[in-house]
Amino acid sequence: MDSPVGPLARYELLALDRDDLLFNALILMTKHSVRRLVITEQGAVVGLLEQTDLLAVLSNHSQVVALKVERAATPEDLGRASQDIVGLIRTLHGTGVKVSFIADLVTELNRKIFRRLFELLAPPDLLANSCLIVMGSEGRGEQLLKTDQDNGLILRDGYDCPTLAQVTDAFTRHLVAFGYPPCPGRIMVSNPDWTRPLALYKDSLFHWIHRPDEAAQMNLAIFYDAAAVAGDASLLAEAKGYLLGRLQDNQMFFTAFARPALAFDTPSGLFGGLFERRRGEAVDIKKAGIFPIVHGVRALALEKHMAETNTTERIWALADQGVLDRGMAGELADAFTFLSTLRLKAGLDGSVSGTQTDNLVRTESLGKLDRDQFKDCLALVKKFKELLAYHFHLNH
């Protein structure tokens with residue numbers, strides 16, 4: 001109460017241009033837990049956007065969910081807030097909000113939940129000496145419905161927490177109760193292999209790069225997508241810096257790393273006579289379309305030592321460096337968005353809990369426009385696979 005306000009205040013205004021999207025204002029308010037944004041035009045302040053005005057226009061309750069998360073006093077409070085996200089996703093999708101905007105908002109809400117849960121469970125010294133990370137689709141900011149957990153904890157070298165095992169076990173257990181399934185590969189903080197000091201993470205990165213096997217390449221891919229959620233983010237930054245610094249111009253390494261992008265078949269015969277003969281044919285949209293784009297783009301980005309984690313951001317960064325033709329980049333970004341939208345719809349249709357349990361798209365259920373676009377997307381994925389095969393010498 002006796003401290004001066006000045007040293008505690010933040011002087012940089014959270015602002016948006018008056019021509020920006022209202023949905024970006026919603027994301028910014030959710031991310032920073034504020035109720036007003038400064039609106040500018042050509043750098044000059046022209047007004048304030050109030051939370052109440054914004055919510056009246058968008059007619060959804062994302063700020064209510066965020067407020068519940070911030071005020072949660074127990075993991076059970078967080079669990080109830082987590083369940084509200086499912087209804088929010090249904091509302092946004094049902095009113096035509098683009099999947100990329102939904103992903104941005106859900107990413108911010110999920111990370112608030114993970115951060116608050118860790119704050120409720122971890123003693124203050126653990127918070128100060130560790131970095132909670134999310135990986136995979138959550139790290140890339142592309143998770144919509146709840147999928148398998150992919151998280152870890154980087155500890156400061158020399159730090160020891162006597163209650164570490166109890167904290168990490170409780171963290172995983174509560175996330176399962178919230179509807180985030182346990183990772184089949186045990187890539188979770190409750191696994192000691194993913195809760196370790198920074199020096200041991202560096203040892204693992206060295207092993208994954210210089211003595212790669214199938215498991216090592218998978219671990220490297222997942223870690224490359226990591227994002228900090230709670231604690232000291234500089235620990236992840238140092239680990240990522242080590243990763244990018246150890247990479248060498250080793251064609252054999254990148255060939256092996258990129259190969260999984262070609263592991264699953266992308267069908268092309270579902271839309272002619274073959275489809276008519278096999279009524280009820282379904283396509284695993286993740287294996288056939290989304291994963292080849294995500295991992296192919298990830299391999300190209302890793303080869304260029306890029307720091308971006310989001311797939312669309314990686315696509316445009318690759319175009320800026322001339323790795324991808326800008327026309328191809330635009331088509332890939334559009335295809336990724338369309339396939340993600342179909343996957344979200346399949347998940348909402350097949351789940352009441354908001355957990356992504358179904359990646360199957362039943363082609364006979366698509367309208368003609370969606371069916372034609374789906375066909376074009378799969379053809380583009382096959383073309384992208386051919387580009388990857390040539391670039392990484394995968395056919396040799």
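Select helix α4 (residues 75-94) together with helix α5 (residues 99-121): Pro75, Leu78, Ser82, Ile85, Leu88, Ile89, Leu92 and His93 in α4 meet Ile102, Leu105, Val106, Leu109, Asn110, Ile113, Arg116, Leu117, Leu120 and Leu121 in α5. Contact here denotes heavy atoms within 4.5 Å, and helices (H or I, at least four residues) and strands (E, at least two) are DSSP runs numbered from the N terminus. The residues of this contact comprise 14 nonpolar, 3 polar and 1 charged. In that division, Ala, Val, Leu, Ile, Met, Phe, Trp, Tyr, Cys and Pro count as nonpolar, Asp, Glu, Lys and Arg as charged, and the others, Gly among them, as polar.

The model is predicted: local features need pLDDT of at least 70, side-chain atom pairs count only at pLDDT 80 or more, and totals for chains, interfaces and linings use all residues. Residues are numbered from 1 along each chain as its sequence is written, and side-chain values use heavy atoms, with hydrogens and water left out.

Keep α4 and α5 in view and look along their axes, which come within 11 Å and cross at roughly 180 degrees. The two helices are therefore roughly antiparallel to each other. Axes are lines fitted to C-alpha atoms, for helices over the stretch in contact, with angles from 0 to 180 degrees between N-to-C directions; under 35 degrees counts as roughly parallel, over 145 as roughly antiparallel, 65 to 115 as roughly perpendicular and the rest as oblique.

On the α5 side, select Ile113, Phe114, Leu117, Phe118 and Leu121; they meet Val167, Ala170, Phe171, His174, Leu175 and Phe178 in α8. These residues divide into 10 nonpolar, 1 polar and no charged.

Move to isoleucine 209 in helix α9 (residues 198-210). This residue is buried, with a relative accessible area of 7%, where buried means under 20%, exposed over 50% and partly exposed in between (1.4 Å probe, protein chains only). Beyond four places in sequence, isoleucine 209 touches Leu220, Leu243, Arg246, Leu247 and Phe253. A C-alpha to C-alpha distance drawn to leucine 247, 38 residues away in sequence, reads 7.2 Å.

Then select threonine 40 in strand β2 (residues 36-41). Threonine 40 is buried as well, at 15% relative accessible area.

Finally, colour by pLDDT, the predictor's confidence in each residue from 0 to 100. The protein chain averages 88, and 92% of the residues score at least 70.
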